[in-house]
Amino acid sequence: TPTRLAIEMIRKRVRHADHAAYRLPVERVLAVELGLSRQTVRRAIDQLIDEGLLVRGETSRLAVNPAL
């Protein structure tokens, strides 16, 4: 499914990040970069937050969970 594809693409970005404080682009930008709809990217992000991989900061920016 497109959501599953987005999840795997985001996980790949996180795995290849230079440091644990890596921040993802905002949803709109991430959707364009991945070539997927913003709604699909939002569903993927929500699932990765539920799994504990990502956290949403005070400014709504996404980052890798520092507890990992």
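**View 1. Arg 13 and Glu 33 join their side chains in a salt bridge, 2.5 Å from N to O.** A salt bridge here is a side-chain nitrogen of Lys or Arg within 4 Å of a carboxyl oxygen of Asp or Glu. Arg 13 belongs to helix 1 and Glu 33 to helix 2, so the pair ties together parts that are 20 residues apart in sequence. Helices (H or I, at least four residues) and strands (E, at least two) are DSSP runs, numbered from the N terminus. Arg 13 is partly exposed, at a relative accessible area of 24%. Glu 33 is partly exposed too, at 46% relative accessibility. Buried means under 20% relative accessible area, exposed means over 50%, and partly exposed lies in between (1.4 Å probe, protein chains only).

The model is predicted: local features need pLDDT of at least 70, side-chain atom pairs count only at pLDDT 80 or more, and totals for chains, interfaces and linings use all residues. Residues are numbered from 1 along each chain as its sequence is written, and side-chain values use heavy atoms, with hydrogens and water left out.

**View 2. Helix 1 and helix 2 cross at roughly 100°.** Helix 2 covers residues 27-34. The two axes come within 11 Å. Axes are lines fitted to C-alpha atoms, for helices over the stretch in contact, and angles run from 0 to 180 degrees between N-to-C directions. Helix 1 and helix 2 are therefore roughly perpendicular to each other. Angles of 65 to 115 degrees count as roughly perpendicular, under 35 as roughly parallel, over 145 as roughly antiparallel, and the rest as oblique. From helix 1, Met 9, Ile 10 and Arg 13 meet Leu 30, Glu 33 and Leu 34 of helix 2. Contact means heavy atoms within 4.5 Å. This contact of helix 1 with helix 2 has 4 nonpolar, no polar and 2 charged residues. Ala, Val, Leu, Ile, Met, Phe, Trp, Tyr, Cys and Pro count as nonpolar; Asp, Glu, Lys and Arg count as charged; the others, Gly among them, count as polar.

**View 3. Helix 1 packs on helix 3 at an angle of about 60°.** Helix 1 spans residues 2-15, and its axis lies 8 Å from that of helix 3. That makes helix 1 oblique to helix 3. The crossing is right-handed. A crossing is right-handed if the near helix is turned clockwise from the far one by less than a right angle, and left-handed if anticlockwise. Helix 1 brings Pro 2, Thr 3, Arg 4, Ala 6, Ile 7, Ile 10 and Arg 11 to the contact. Helix 3 brings Thr 40, Arg 43, Ala 44, Ile 45, Gln 47, Leu 48 and Glu 51. By class, the contact of helix 1 with helix 3 holds 7 nonpolar, 3 polar and 4 charged residues.

**View 4. Thr 40 sits in helix 3, residues 38-51.** Is Thr 40 buried or exposed? At 7% relative accessibility, Thr 40 counts as buried. Residues up to four places away in sequence aside, Thr 40 touches Pro 2, Thr 3 and Ala 6.

**View 5. Glu 8 forms salt bridges with Arg 4 and with Arg 11.** For Arg 4 and Glu 8, the closest N and O atoms are 4.0 Å apart. For Arg 11 and Glu 8, the closest N and O atoms are 3.1 Å apart. Arg 4 and Glu 8 are 4 residues apart in helix 1, so about one helical turn separates them. Arg 11 and Glu 8 are 3 residues apart in helix 1, again about one helical turn. Arg 4 is partly exposed at 40% relative accessibility. Glu 8 is partly exposed at 37%, and Arg 11 is partly exposed at 22%.

**View 6. A network of salt bridges links Glu 27, Arg 38, Arg 42, Asp 46 and Arg 56.** How many salt bridges does the whole structure hold? A search finds 8.

**View 7. Ile 49 is part of helix 3.** At 27% relative accessibility, Ile 49 counts as partly exposed. Beyond its neighbours within four places in sequence, Ile 49 contacts Leu 54, Arg 56 and Leu 62. Ile 49 and Val 64 are 15 residues apart in sequence, and their C-alpha atoms are 9.3 Å apart in space.

**View 8. Asn 65 lies in the segment after strand 3 (62-64).** Asn 65 is buried, with a relative accessible area of 17%. Gly 52, Leu 53, Leu 54 and Val 55 touch Asn 65, not counting residues up to four places away in sequence.
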